[in-house]
Amino acid sequence: MKVAVLGGGVVGVTSAWYLGKAGHEVSLFDREKGPALETSFANAGQVSFGYSSPWAAPGIPVKAMKWLMMEHAPLILRPKPDAAMLGWMAQMLSNCTAAAYARNKGRMLRVADYSRECLTALRAETGIAYDARQRGTLQLFRTQMQVDASAKDVKALAADGIPYEVLDADGCVAAEPALARVRGKIAGGLRTPQDETGDCFKFTNALATMAEAAGISFRFGCTVERIVEQGGRATGVVVDGQTEAFDAVVVALGSFSPFMVRPLGIRIPVYPVKGYSLTIPIRDAALAPESTVMDETYKIALTRLGDRIRVGGMAEISGYNNALPQARRRTLEHSVSDLFPGGDLSAASFWSGLRPMTPDGTPIIGKTAVGNLFLNTGHGTLGWTMSCGSARLLADIVSGRSTDIRSDDLSTDRYGRT
């Protein structure tokens, strides 16, 4: 089939790759001048198969009220008269129950673990280089309350057969030696040893180069105006005023996916949750992380990417904007300086990106009510983590093949027909 992929971030490019591997004639379209120049550009760098958890969880509404009062808050809320924002927030709150959390985390872990297998196979097949390390993720707890609250995550990991290690302060230091200087601030940790790190921008560009060499077409710097529908089926796209025919269309536009499918009568609860990052040159490797450390107090990831530290995190609900407030930079600087002062903050680059979040945390992968129109979006903070697995699933669904893992609960059907 001739397949159009809309979106040139890591999810779009991996979708194009696996569709090409499945034998389809693939064309990818993106408004930017190259791959991974928006949300995939400078994300936290963690590939967190075992740390995949929904933001919607029991106790989050109460925590959110406290976070809003913190100087270095992990959550920033800028409410506005926006029906999409308010509807998304209401759905997220409805998922803050124990039952919903267990269901959603199970889905996310299923996709993430499958993505681990797919990324491992892709790396072995292609030798792709992207500052990768396979040294696990350490979720760092500063309080006993955080240690106790991690029990629900341990239960979910155990239920899905995901390897994990519950660590005391000494165990955290053994995993990340640079934490020795702040041992007194550590109450414990949860380590997922199969997690990885890597530069998403480098990965996406390297994969795009290989995909293009394999015959996949990339059209950057163009405007996809709309999807053409005839007889209840997607039959093409209008690009820069010209209609181009396709047998299938895949929408992988991140936070902008809802705008592309809404004219077709499809409403999906994907909304941007803004994140920030600093990329810091390492000046003292002995005071830098070996892999990824998740600072649970501030919900910030500190990741080793070659000779750099990537500090990423926070969740700002403020609509579609990429402003860079200095208060957000100070929060990132506070976390990294407190734990890993081995970077040169004066040379750091500051960035923000719009994560496409669903209210239940699970991505939307699969068919829609419009024939031959497919979605691969809504990965939130885990687009890099879930990219290969989501793309492989998507390619099998488009091809009409049975999938390696359950996928029926990943489509828009879980939100009801709209």
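**Helix packing and selected residues**

Serine 257 is placed in helix H9, residues 257-261. Helices (H or I, at least four residues) and strands (E, at least two) are DSSP runs, numbered from the N terminus. The model is predicted: local features need pLDDT of at least 70, side-chain atom pairs count only at pLDDT 80 or more, and totals for chains, interfaces and linings use all residues. Residues are numbered from 1 along each chain as its sequence is written, and side-chain values use heavy atoms, with hydrogens and water left out.

Stay with serine 257. Its relative accessibility is 0%, so serine 257 counts as buried. Buried means under 20% relative accessible area, exposed over 50%, and partly exposed in between (1.4 Å probe, protein chains only). A polar atom of the serine 257 side chain lies 3.0 Å from the backbone oxygen of glycine 254. Beyond its neighbours within four places in sequence, serine 257 is in contact with Val251, Ala252, Ile268 and Thr377. Contact means heavy atoms within 4.5 Å.

Next, the helix pairs. Two packed helices are described by the angle between their axes and the distance between the axes. Axes are lines fitted to C-alpha atoms, for helices over the stretch in contact, and angles run from 0 to 180 degrees between N-to-C directions.

Begin with helix H4 (residues 98-126) and helix H11 (residues 383-398). Their axes are 6 Å apart, and the packing angle is about 90 degrees. H4 and H11 are therefore roughly perpendicular to each other. Angles under 35 degrees count as roughly parallel, over 145 as roughly antiparallel, 65 to 115 as roughly perpendicular and the rest as oblique. H4 contributes Met108, Val111, Ala112, Tyr114, Ser115, Cys118, Leu119 and Leu122 to the contact. H11 contributes Thr385, Met386, Ser387, Cys388, Gly389, Ser390, Arg392, Leu393 and Asp396. The residues of this H4 and H11 contact divide into ten nonpolar, five polar and two charged. Here Ala, Val, Leu, Ile, Met, Phe, Trp, Tyr, Cys and Pro count as nonpolar, Asp, Glu, Lys and Arg as charged, and the others, Gly among them, as polar.

H4 also meets helix H1 (residues 10-21). The axes of H1 and H4 come within 14 Å and cross at roughly 70 degrees. That makes H1 roughly perpendicular to H4. The crossing of H1 and H4 is left-handed. A crossing is left-handed if the near helix is turned anticlockwise from the far one by less than a right angle, and right-handed if clockwise. Trp17, Tyr18 and Lys21 of H1 make the contact with Cys118, Leu122, Glu125 and Thr126 of H4. By class, the residues of the H1 and H4 contact are four nonpolar, one polar and two charged.

H1 has another partner in helix H8 (residues 200-213). Their axes come within 10 Å and cross at roughly 30 degrees. H1 and H8 are therefore roughly parallel to each other. H1 passes H8 in a left-handed crossing. On the H1 side are Val10, Val13, Thr14 and Trp17, and they meet Cys200, Phe203, Thr204, Leu207, Ala208, Met210 and Ala211 in H8. The contact of H1 with H8 has nine nonpolar residues, two polar and no charged.

Now back to single residues. Where is aspartate 247? Aspartate 247 sits in the loop between strand E12 (242-245) and strand E13 (248-251). With a relative accessible area of 37%, aspartate 247 is partly exposed. Its side chain reaches the backbone nitrogen of lysine 2 at 2.8 Å. Leaving aside neighbours within four places in sequence, aspartate 247 is in contact with Met1, Lys2, Ala234 and Asn372.

Asparagine 372 lies in the loop between strand E19 (364-367) and strand E20 (373-377). Asparagine 372 is partly exposed, at 22% relative accessible area. Its phi is positive, about 65 degrees, although asparagine 372 is not a glycine. Methionine 314, also not a glycine, has a positive phi near 70 degrees. Methionine 314 lies in strand E17 (residues 308-317) and is buried, with a relative accessible area of 1%.

Finish at glutamine 146, in helix H5 (residues 144-149). Glutamine 146 counts as buried at 17% relative accessibility. A polar contact of 3.0 Å joins its side chain to that of threonine 297. A polar contact is a pair of N or O atoms within 3.5 Å; within protein, one must be able to donate a hydrogen and the other to accept it, and residues adjacent in sequence count only if both atoms are side-chain atoms.
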